[in-house]
Amino acid sequence: MDKRKSLQLAFADSESAIKADPSWMKGYYWKAVCLAYLGKRGPSLAMAAVAQELFPSNFSNIPKVVARFGSFDLRVVTTVEHLQTATEKAPSQNLVILVKQGRYRLQEPLTISEGAVMVGVGDVQINCPCGVPLKYDKSNYMENIILSPTVEFIQTIKREAKVCLDRGRVEKALALYNKALATCPNNPKILTSKAIAFLKSAQQQKDIPSKRSSLQRGLNDAEAAIKADPCWPLGYHTKAIILAELGRKPEALAAAAVFKHLSLGRDVSEVTKLCGELQVHVVESSNELLCVFENVKQLEGKNQVLLLKEGEYLLERSVDISEDIVIVGLPTVDSNNYGDRERSDRAKSLFKAQDYYAAAEVYSEALRLSPNDARLLTNRAASYHKLSEQKWSSREDKQKMLEQALVDSQRAITVDPSWAKGYYRRAVSLALLGRRGPSLATAAIARHLFPLSCTHIPIVVAHFGDYYSRVVNTVQDLQTATDKTDTEAKKLKRKNKVILMKEGEYLLERSVEISEEIVIVGHGKVSVACKTGAPFPFKAAYHVENVEIATDFDSHEESQECSSSDTEPEVIRLATPSGYDNTSNECKVN
């Protein structure tokens, strides 16, 4: 056995040891040593830094790693300020930045020094409203850190690109999609949108070489979308259209057949128009395959496409195929995910047939395989909503179903803050439960994040009346929004007023008396204080959610001093609405 193969086996064993027992320090030691012998500088220094942080008395340094790459300068990060300081200091030969578990929100992107190594311990997410949080190059190494822009950043770019595309400004739309992909390079939705933009660009061009060039670039993006998510139907839909435009009929039929299978029978009209209708045969066994081959001669008038599910097929005898037929293997996906998709398709069919109880049961089966799938969670919430409307449901049953729908929708928001239906279903659940304040708060956040799809939520309006939301960024905005003479609010004449406060600290010079019913919700980490006492003396019904209100300015200053202490780690939360709990009360004042 050669030396490199032995090292790779040793590396695999050390990884298995860490997975089996994360508290076993020798697992980290030997993983760092194996990586050093294999010449992998970044991973070796990262693992040595993790070992030093977790077991400081045992691993002040690992001799084999130091001998290979030299000693390293370890900087431990627990707050945004620590992260900024670590990247601003003069770089050392081997700079290793170890980021502790938490979510860090940067106001501006940071540049990582050349050759620096960054490693996360636990669940580490760094985001930035201006795009990619960290600027780095090939000399850097990063491990166990999720870098992402804020939800708002991606949503804004996608909206701008769609507007440009609708107005025929294809080049501008492509530039915006490239900007979004710089932050989310493997997002199948953005990749598909970019492919569609290239398709529109080709349709506008008369020069044949330019047209084919645009189509080929669109095809590359469609295939990248499919690679990122092999079960993404629109990837196959777009790929099929582009291939048909390029005159590659068999490949177009293959992609259209996979789309038809994934979308439960929908055809790609553009492919049908250019290539004719297709008939799809889904095969799971050798006997089925042989049967289709033997009967294909009798099938006329349509393009025949054979979809083979994953597996091995052994025919007892060879078959002579004289008719045109397209044979394609279905996308290879994780068996759990595939079973999850099949259950999801079955649940959708049951939901359409108004068998809501069975649909909820099947969604529950799918969620056991994929507990963090936001779509499955909101679909099950929709099933519970329908069940709560049934005449045979008792009052207690309705309450339980709505509470479960609320749990599912909140979970959907937690696992995917960019999934609009999570906010929609949460607002609906709260409305049906009669919780006016939290429902209006969630509806306002949904409108702010997804203005095209959640302009208003009918069930919320039906229960509490229409709502008017003011987005607040500054103290001046806050004073205007709470002013009795708010002319914009009076002009709209809407029953419910919601103030949505963006992330930040607001310090009022004087208290603002609120004499009308109002809902105040924070979007991110929000705190309000006043130099003269309580910021808001409420004189009417109110609801405050995800906003920290300091009743005493002096105590607020003390808490600020405490929070800046190096001994207390700072966790930056994603800008999503907080879960509903007993600390978020709706009060009525006589």
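The model is predicted, so to speak of local features a pLDDT of at least 70 is needed and side-chain atom pairs count only at pLDDT 80 or more, while totals for chains, interfaces and linings use all residues. Residues are numbered from 1 along each chain as its sequence is written, and side-chain values use heavy atoms, with hydrogens and water left out.

**Aromatic rings**

- The structure holds 6 aromatic pairs, where rings of Phe, Tyr and Trp (its six-membered ring) pair if their centres lie within 6.5 Å; planes under 30 degrees apart count as stacked, over 60 as edge-to-face and the rest as tilted.
- One of them joins Y28 and F55, and this pair is tilted because the ring centres are 5.6 Å apart with the planes at 55 degrees.
- Y28 sits in helix α2 (residues 25-37) and F55 in the loop between α3 (41-54) and α4 (63-69), 27 residues apart; helices (H or I, at least four residues) and strands (E, at least two) are DSSP runs, numbered from the N terminus.
- F55 also pairs with F59, edge-to-face because the planes stand at 85 degrees, with centres 6.2 Å apart.
- Both F55 and F59 are buried; buried means under 20% relative accessible area, exposed over 50%, and partly exposed in between (1.4 Å probe, protein chains only).
- Ring pairs connect Y28, Y29, W30, F55 and F59 as a cluster.

**Salt bridges**

- The count of salt bridges is 16, each being a side-chain nitrogen of Lys or Arg within 4 Å of a carboxyl oxygen of Asp or Glu.
- R75 and D73 form one of these, at 3.0 Å from N to O; R75 is buried at 12% relative accessible area, whereas D73 is partly exposed at 27%.
- Another joins K309 and E284 at 3.8 Å, N to O.
- K309 lies in the loop between β9 and β10 and E284 in the loop between β8 (278-283) and α13 (286-295), so this pair ties together parts 25 residues apart in sequence.
- K309 is buried, at 15% relative accessibility, but E284 is exposed, at 54%.

**Charges at the surface**

- K189, R266, K348, K352, R375 and K421 form a positive surface patch; patches are made of residues with over 30% relative accessible area and no salt bridge, like charges being joined within 9 Å and nonpolar side chains (Val, Leu, Ile, Met, Phe, Trp, Tyr) within 5 Å.
- K189 is found in helix α8 (residues 188-204) and is partly exposed at 31% relative accessibility.

Definitions and conventions:
Areas by Shrake-Rupley, 256 points an atom, 1.4 Å probe, with all protein chains shown as cover. Lys, Arg positive; Asp, Glu negative; His and termini not counted. Charge placed at Lys NZ, Arg CZ, Asp CG, Glu CD.
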